[in-house]
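Please work through each task before reading its solution.

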Amino acid sequence: MTTSNRHGSANSLAHFLIHHQLLIIYTCTILTLCTLYAVQPIQPLFEKEFDLSRFEAVIFTTVIMLPLSFAPIFYGYILETFSSKLFLRNAVLILGILELCFAWSSSYSILLTIRALQGLLIPAVLTSLMSYISFITPKDKVQQAIGYYIGATILGGFIGRLLSGILSDLFGWRLFFVLLGVALVLMFGALSFLSEEVKVDFVKPKLSQVMGVLKNKTFFNIYLMMFFIFFVFQALLNFLPFQLKNLSSTMGYGKVGMMYAGYIIGFIISIRILWMIRFFGNETKTIIFGILTYVVGLQIFHINDYLVMFGGMFVFCAGFFIIHSVASGLISKLAHEKRAISNGLYLSFYYAGGTIGTFAPGVFYHYLGWHIFLVLLALIAFATLFFAFRLQRTLRS
């Protein structure tokens, strides 16, 4: 065998191993996002089966999202002593075992505790998976690989919601969580094929560094804007299943889960966002277009018809993912040496808004009805234009 042939064989083997590991990582990402969002469309089912209040039902999503709001800032100190591969595998195994326990539990307090424990593990799992992508992928392919990772998170969010709804209609709600638990336990075995160790990119900021970033007007405007944008997003997605069941008490949960199909548009937008920025001229103009699209999408949900709402979800999600894709990219572009802290704070504000949005607007929905609830969300979304225009001024100056 010639030297060139040997090099060719070695390169082919390296490419095969990288693709094999990336496939494992993307599959694990999808399963993790299924764990995060699978309960959302069937919360009315839990409300009925366990005789819960509306508030008790919606916090199934709240408790699992809550750790995501502080994880990016504090997990660096908590997890720095762990072996990355050992931690990732065990975290996924525990996620799977907790999912199986969830499927067999009949106590609301135990179900809620399990969701909270899963919420503590999910941020660390996702950060570890992203670190592995950066570690094993050649530098010229990292951006593309991260793009596929974002696509996997979007796909996981949709698949989890859809399958939990369909299987709840056909076999009851427990089967989906059994299957998801088994898949996560099997993933524990698959993760043994990953490279031995990587440096997990957890942030370990000092208070002075955090305050330094927050004093930056550009970053602070983006953080506040995304806090309210994700607040509105999670508010609609968390209370929509209840409204759909109000429209038709016989509507299947598979149909409720299918309502989230508009989520998939996020993958298309995330890979075409640079084209959109060029089309509109700059980032802030693209964000402003995204906010206006977002508000228009919200108005469509005033029409109490399933197919109209289904179409409205595509418009609503398109607006959201335009804002999110541009804002997150802008933080990375402007942060330079403080990129890790800046991105960590972005995620903290983002998930803090989403966490509060999963339950707080429910007061308006419960007492004033669906239409006033939508008006409130539209006003909040429209008000984020204030931050977008301020961002435009600070970038110019």
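Rings of Phe, Tyr and Trp (its six-membered ring) count as a pair if their centres lie within 6.5 Å. The model used here is predicted.

**Exercise 1.** Identify the residues that form one aromatic cluster with Tyr 263, and state which Arg lies over the face of Tyr 263.

Solution. Over the face of Tyr 263 lies Arg 161, at 4.7 Å from the ring centre.

**Exercise 2.** Classify the ring pair of Phe 46 and Phe 102, and locate both residues.

Solution. Step 1: the whole structure holds 46 aromatic pairs. Step 2: in the pair of Phe 46 and Phe 102, the centres are 6.1 Å apart and the planes stand at 65 degrees; planes over 60 degrees apart count as edge-to-face, so this pair is edge-to-face. Step 3: Phe 46 belongs to helix H2 (residues 43-49) and Phe 102 to helix H4 (residues 84-104), 56 residues apart.

**Exercise 3.** Determine how Phe 102 pairs with Phe 177, and whether the two are buried or exposed.

Solution. Step 1: the pair is tilted, with 5.0 Å from centre to centre and 55 degrees between the planes. Step 2: Phe 177 lies in helix H7 (residues 174-190), 75 residues from Phe 102 in helix H4. Step 3: both Phe 102 and Phe 177 are buried.

**Exercise 4.** Compare the span of helix H13 with the expected value.

Solution. Helix H13 (residues 306-335) has 30 residues and reaches 43 Å from its first C-alpha to its last, close to the expected 44 Å. At its start, a side-chain oxygen of Asp 305 comes within 3.2 Å of the backbone nitrogen of Leu 307.

Methods
Residues numbered from 1 in each chain as written. Predicted model: local features only at pLDDT ≥ 70, side-chain atom pairs only at ≥ 80, totals over all residues. Heavy atoms only, no water. Helix = DSSP H or I, 4+ residues; strand = E, 2+ residues; numbered from the N terminus. Expected span 1.5 Å × (residues − 1). Polar contact = N/O pair within 3.5 Å; in protein donor to acceptor, adjacent residues only side chain to side chain. Phe/Tyr/Trp six-rings, centres within 6.5 Å; stacked < 30°, edge-to-face > 60°. Buried < 20%, exposed > 50% of the residue type's maximum accessible area, 1.4 Å probe, protein only. Lys NZ or Arg CZ within 6 Å of the ring centre and 35° of its normal.
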